[in-house]
Amino acid sequence: MRTIVALAFLSLFISCQKKEVVTQTKFVKDAHSFSNPNEAVAKHLDLDIKVDFDTQTISGKASWTIDNTSKGNEIIFDENTLDITKVTLGDDEKETKFQLGSAVKFHGKPLHITIEPNTTKVNIYYNTTKDGVALQWLKPEQTADKKYPFVFSQGESIWSRTWIPCQDSPSVRFTYNAKVTVPKELMALMSAVNPQQKNDTGVYRFKQDKAIPSYLMAIAVGDVEFKSIDNRTGVYAEHSVIDKAKWEFADLGKMVVAAEKLFGPYRWGRYDVIVLPPSFPFGGMENPNLTFLTPTVLAGDRSLTSLLAHELGHSWSGNLVTNATWDDIWLNEGFTTYVEHRIGEEVFGVKEAQMQTILSRKVWENTLAEIGKDSPDSKLKVDSSKGNPDDAMSDVAYEKGYAFLQTVEAAVGREKFDKFLTAYYNDHAFQSITTEDFVDYLNKNLIKGDKVLADKIKLDDWIYKPGVPSNVINPVSEDFNAIDEIQKTWRKTGVKGLSQKIKSTNEKQHFIDYLPKDLTVEEMAAIDKEFNFTNGGNFVIRRQWFIQALQHQYKAAYPAIENFLCSYSRTFSLTPLYKEMIKTPEGKTWAKQIYAKAKPGYHATTVVEINKILK
């Protein structure tokens, strides 16, 4: 019986796989891409590249299978800082003309290639250069094991064009195969089906048969190992990190099962993660099959693994159903934040989910305090057309998006909303959509002309208007209410013994975030003695504590703050500290001194953000 059931399951699995070939036939205008996909579009990539650590370059050939729908004489790709050496057409490699257009800040140049009406393949020979934003080249001393060099990519939002010539818009999806040659001591990994051990040739081959947008093209090359967590999840990391990572991520398989229970099958085969060196600029990046993670999530107590739930959630919202332009980024991040919290509730319980929701709300409030409630950037649908699309990405997309979906859930009931979301993911699988596509789908499939329900949801207020809509749900946590009561009395009773009442990372963060504005240095020292926040907290606790230390000039923490800023490149965890430091002349001088030391280890995108703060 087991064999028969297994064969039946395998047959069903293969059948499902075959159905998941989806063709995008219309493309919205993307202000951040020079490409013309409605006339000629890239459909599949065969990549053959060599990674050279001596010159810190990637070189080779990108062979694009295209659909020349207009039967015209040109196809346009995006490139930025690449050295294009030759372009040929077809398998017989007939050389053709190419021309680079005028440069646009952040966006690079259009690559105009002459084709014929019947052209189906374009081969682009190229080299990367030292100015490519997507690639971070690390010396051995910048890695955990300090033995071999390392390189990794970060493509979101418009940086994949700095390591591969492509039609770099989230609306253009393609499959790919890749051959990657690296030094024999190292292993290559991509956002595809990956090897689980090194080979003795240094040549690795990859296949991604699900159509993805270019920002999800990813590569990592280093001295890494693999350890399995369960039959379809596992972790890659350097030798000194791998056991910690496997222990920390023990619930990864449970998270995948929980997500499937909520929103339908995981469609990407394996779900593995890689812990990158500290210069990785984000908490995580949801590259298909292989999430890239910051080492700051390795808290030693599994307290920061909600980040895993977020990146896993992107396997449905973002990777499966993708924002068609960067104006629609909330469709990726707001939905994923909602999914993250639902996975967390399923795996870790309702109380944990309630605390996480309040922490999310605090992030949204802090963002609005900084940008202003009436700022157009506080809308869900944003206008990113005026410059670098990264500048339009803020916590609004995450937290307001999450709060909006909570509002819809409350209006129709969780059971009905779960069915709607599952249908939404299935109906738009492997497609890129706009905010307007989603609004149309919601109106047709959930609101259905019900004016009472529409008034209850207030769709336009959430998506197209700034600030906080009037129907926002105020989250409640009994655990945090208990912390709030402690905040009212600890100044009278003292802090001794509080660490026995305030134990979890969530509780500690909430306690830190709502400390009195007039806190004295003596009180800071007493709290620090009780909790050891300066030297003993995990990454998130130290970050929040250091903000308080800077606000209240708790100089005992300053050496730890400097070490913190020099040890990581997690952009949006560092920027709040730099913003606090520059509020005083002496703080700004100190910030610049630290930055001068830390900058060589920062990722290029981190450098851009901190340059804006210190200018």
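Me: Which ring does Lys362 lie over, and how many Å is Lys362 from the ring centre?
Reply: Keep in mind that this is a predicted model. A charge counts as sitting over a ring if NZ of Lys is within 6 Å of the ring centre and within 35 degrees of the ring normal. Lys362 lies over the face of Tyr514, and its distance from the ring centre is 5.3 Å.

Me: And Arg302, which ring has Arg302 over its face?
Reply: For Arg the atom that counts is CZ, again with the 6 Å limit. Arg302 is 3.7 Å from the ring centre, and the residue whose face it lies over is Trp247.

Me: How do the rings of Tyr215 and Trp326 pair up, and what is the angle between the planes?
Reply: There are 39 aromatic pairs in the structure, and Tyr215 with Trp326 is one of them. Planes over 60 degrees apart count as edge-to-face. Here the centres are 5.1 Å apart and the pair is edge-to-face, with an angle of 70 degrees.

Me: Where do Tyr215 and Trp326 sit, and how many residues apart are they?
Reply: Tyr215 is in the loop between strands S13 and S14, while Trp326 is in the loop between strand S20 and helix H5. That makes the pair a link between distant parts of the chain, with a separation of 111 residues.

Me: Is Trp326 buried or exposed?
Reply: The cut-off for buried is under 20% relative accessible area. Trp326 has a relative accessibility of 2%, so it counts as buried.

Me: Why is the pair of Phe539 and Tyr568 called edge-to-face?
Reply: The label needs planes over 60 degrees apart. The ring centres of Phe539 and Tyr568 are 5.2 Å apart, and the pair is edge-to-face because the planes are at 85 degrees.

Me: Which parts does that Phe539 and Tyr568 pair tie together?
Reply: Both residues are buried, Phe539 at 2% relative accessible area and Tyr568 at 18%. They are 29 residues apart in sequence, so the pair ties together helix H16 and the loop between H17 and H18.

Me: Why do the buried residues of H19 line one face of the helix?
Reply: The buried residues of H19 are Gly587, Trp590, Ala591, Ile594, Tyr595 and Ala598. In an α-helix, residues three or four places apart point the same way, because there are 3.6 residues a turn. Down the axis of H19, the buried residues line one face because they fall within an arc of 135 degrees.

Me: Which helices do the buried residues of H19 pack against?
Reply: The face turned away from the buried side carries exposed Pro585, Glu586 and Ala596. On the buried side, the packing partners are helices H16, H17, H18 and H20.

Conventions:
Residues numbered from 1 in each chain as written. Predicted model: local features only at pLDDT ≥ 70, side-chain atom pairs only at ≥ 80, totals over all residues. Heavy atoms only, no water. Buried < 20%, exposed > 50% of the residue type's maximum accessible area, 1.4 Å probe, protein only. Helix = DSSP H or I, 4+ residues; strand = E, 2+ residues; numbered from the N terminus. Arc of directions from axis to C-beta. Contact = heavy atoms within 4.5 Å. Phe/Tyr/Trp six-rings, centres within 6.5 Å; stacked < 30°, edge-to-face > 60°.
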